[in-house]
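Hi,

Here is the structure I said I would pass on.

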Amino acid sequence: MNQSGFIRLIIFLVVLVLAYFFVSTKTSESLPGDLFYPIKEVKETLDISLYQLDSEGKALKYLEYTEIRFSEVLNLIEQKRSDDDIKYGLDKLTVTQEKAWRNLDRSRSYRGNITSKAEEFEEILNDQYDVLFDLRYQVRPTLLLSIENAMQKTKENLENLRRIK
């Protein structure tokens, strides 16, 4: 390889690394409705499936994602984003909550004691329920039903979590 070919290769690699970090940063900060959000969803799905986590590992990942989804919903509301984006975020939140408790239940079948993780998750769900309750008075009327549905699903997830403890 001559010197100009080597320089082109180095430039290409530098651009590739910079592009990766740019997309990675934009992806982690993205919210439902953003251009990079679908990439964020794929990345999270790959995190769970590629690392071949056991049920306990998946539960912990979903627990982490539950907190991220909740933060996204709060940011969407704070930024006064579209109703569709907020509703999508609320749906993603409750689905992720359900995946977390279901994987906790599966890990209980294999490993036995999951009490500390279940208690931590219960506390998180209680906090999320309380904040959703308060949000009912802060959101546009068009979002009230979606907030109440998310509250109901959060309550159901809490009840299911309590059953498996």
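**What I found**

Setting aside its neighbours within four places in sequence, Ser146 is in contact with Lys87 and Leu90, where contact means heavy atoms within 4.5 Å. Before you go further: this is a predicted model, in which local features need pLDDT of at least 70 and side-chain atom pairs count only at pLDDT 80 or more, while totals for chains, interfaces and linings use all residues. Residues are numbered from 1 along each chain as its sequence is written, and side-chain values use heavy atoms, with hydrogens and water left out.

Back to Ser146, which sits in helix α6 (residues 144-164). Helices here are DSSP runs (H or I, at least four residues), numbered from the N terminus. Ser146 is buried, at a relative accessible area of 16%. For that label, buried is under 20% relative accessible area, exposed is over 50%, and partly exposed is in between (1.4 Å probe, protein chains only). Other buried residues in α6 include Ile147, Ala150, Met151, Thr154 and Leu158. The helix has 21 residues and spans 31 Å from its first C-alpha to its last, close to the 30 Å expected at 1.5 Å a residue; the expected span is 1.5 Å times one less than the number of residues.

Now the charged pairs. Side chains of opposite charge can pair when their charged atoms come close. How many salt bridges does the structure hold? There are twelve, counting a side-chain nitrogen of Lys or Arg within 4 Å of a carboxyl oxygen of Asp or Glu. A few to look up:

- Glu41 and Lys92 meet through their side chains at 3.2 Å, N to O. Glu41 is in helix α2 (residues 37-50) and Lys92 in helix α4 (residues 83-111), so this pair ties together parts that are 51 residues apart in sequence. Glu41 is buried at 17% relative accessibility, and Lys92 is partly exposed at 25%.
- Arg162 and Glu122 form a salt bridge at 2.6 Å, N to O. This pair links distant parts of the chain, with Arg162 in α6 and Glu122 in helix α5 (residues 115-135), 40 residues apart. Arg162 is partly exposed, with a relative accessible area of 40%, whereas Glu122 is buried at 14%.
- Asp85 pairs with Arg81, their closest N and O atoms being 3.9 Å apart. Both Asp85 and Arg81 are buried.
- Lys40, Glu44, Arg69 and Glu72 are joined in a network of salt bridges.

One backbone detail: Lys80 has a positive phi of about 55 degrees although it is not a glycine. Lys80 lies in the loop between α3 (55-78) and α4, and counts as exposed at 65% relative accessibility.

The structure holds one cavity of 30 Å³ or more. On a 1 Å grid over the protein atoms alone, a cavity is a set of points where a 1.4 Å probe fits but cannot get out, and lining residues have an atom within 4 Å of a point. Grid points are joined across faces, edges and corners, and the volume is the space filled by probe spheres set on the points. Which residues line the largest cavity? They are Ala59, Leu60, Leu63, Ala100, Leu104, Lys117 and Phe121. Helix α3 gives the largest share of that lining, three residues.

Cheers

Conventions:
Helix = DSSP H or I, 4+ residues; strand = E, 2+ residues; numbered from the N terminus. 1 Å grid on protein atoms, 1.4 Å probe; cavity = no way out; pocket = protein on both sides within 12 Å on 5 of 7 lines; lining within 4 Å.
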